[in-house]
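I opened a new model today and want to keep track of what I look up. These are my notes, in the order I made them.

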Amino acid sequence: MTEAGYAMQAIAQTKNGLSSGHDSGGKVGWPRKHKPRTLWDAIQYLAATGCQWAQFPEDFPPFTTVQYHFYRTRDNGLLDVAEPVACGSRGL
């Protein structure tokens, strides 16, 4: 995905409840362990490959974290309007 495409996704994510990653920390909750861009890449990987959770690559955040954000993004409808992932970006 291009940087311009990612910027558009970040705007859509912010509107749908998934942070854009440019926040300086919320008033409640734990600090972020994973960058939103890494989570978005993992969601795109999952959507493009249909990978099973048990075989999720270890270079992404833990599958439980990605699973939470994937279901949240799917339920918000963001995956329906998202730009398709370029299969060459992560060796797919």
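My entries start with the whole chain and then go down to single residues.

**Overview.** First reminder to myself: this is a predicted model. I looked up the secondary structure and got four helices and zero strands. Reading from the N terminus, I wrote the order down as α-α-α-α. The chain has 92 residues, and 29% of them are buried. I also checked the surface: it comes to about 6,200 Å², with 55% of that belonging to carbon and sulfur atoms. Then I looked at contacts with a separation of 6 or more, and 60% of those join residues 24 or more positions apart.

**Helix α3.** I picked out α3, which covers residues 63-76 and so has 14 residues. From first C-alpha to last it reaches 19 Å, close to the expected 20 Å. Which residues of α3 are buried? I found Val66, His69, Phe70 and Thr73. They sit on the same side of α3, because they cover an arc of only 105° around the axis. I then looked for what covers these buried residues, and the cover includes α2 (36-49) and α4 (78-81).

**Alanine 42.** Next I went to α2, where alanine 42 is found. Is alanine 42 buried or exposed? Its relative accessible area is 0%, so I put it down as buried. Skipping neighbours within four places in sequence, I listed its contacts as Phe56, Phe60 and Val66. Val66 was already in my notes as one of the buried residues of α3. I also took a distance: alanine 42 and aspartate 59 are 17 residues apart in sequence, and their C-alpha atoms are 9.3 Å apart.

**Salt bridges.** Side chains of opposite charge can pair when their charged atoms come close. How many salt bridges are there in the whole structure? My search gave two.

Aspartate 41 is partly exposed at 27% relative accessibility, and arginine 37 is partly exposed at 25%.

The other pairs arginine 74 with aspartate 75, and here the closest N and O atoms are 3.2 Å apart. Arginine 74 has 42% relative accessibility, so I marked it as partly exposed. Aspartate 75 has 58%, so that one went down as exposed.

Definitions and conventions: Residues numbered from 1 in each chain as written. Predicted model: local features only at pLDDT ≥ 70, side-chain atom pairs only at ≥ 80, totals over all residues. Heavy atoms only, no water. Helix = DSSP H or I, 4+ residues; strand = E, 2+ residues; numbered from the N terminus. Expected span 1.5 Å × (residues − 1). Buried < 20%, exposed > 50% of the residue type's maximum accessible area, 1.4 Å probe, protein only. Arc of directions from axis to C-beta. Contact = heavy atoms within 4.5 Å. Areas by Shrake-Rupley, 256 points an atom, 1.4 Å probe, with all protein chains shown as cover. Salt bridge = Lys/Arg side-chain N within 4 Å of Asp/Glu carboxyl O.
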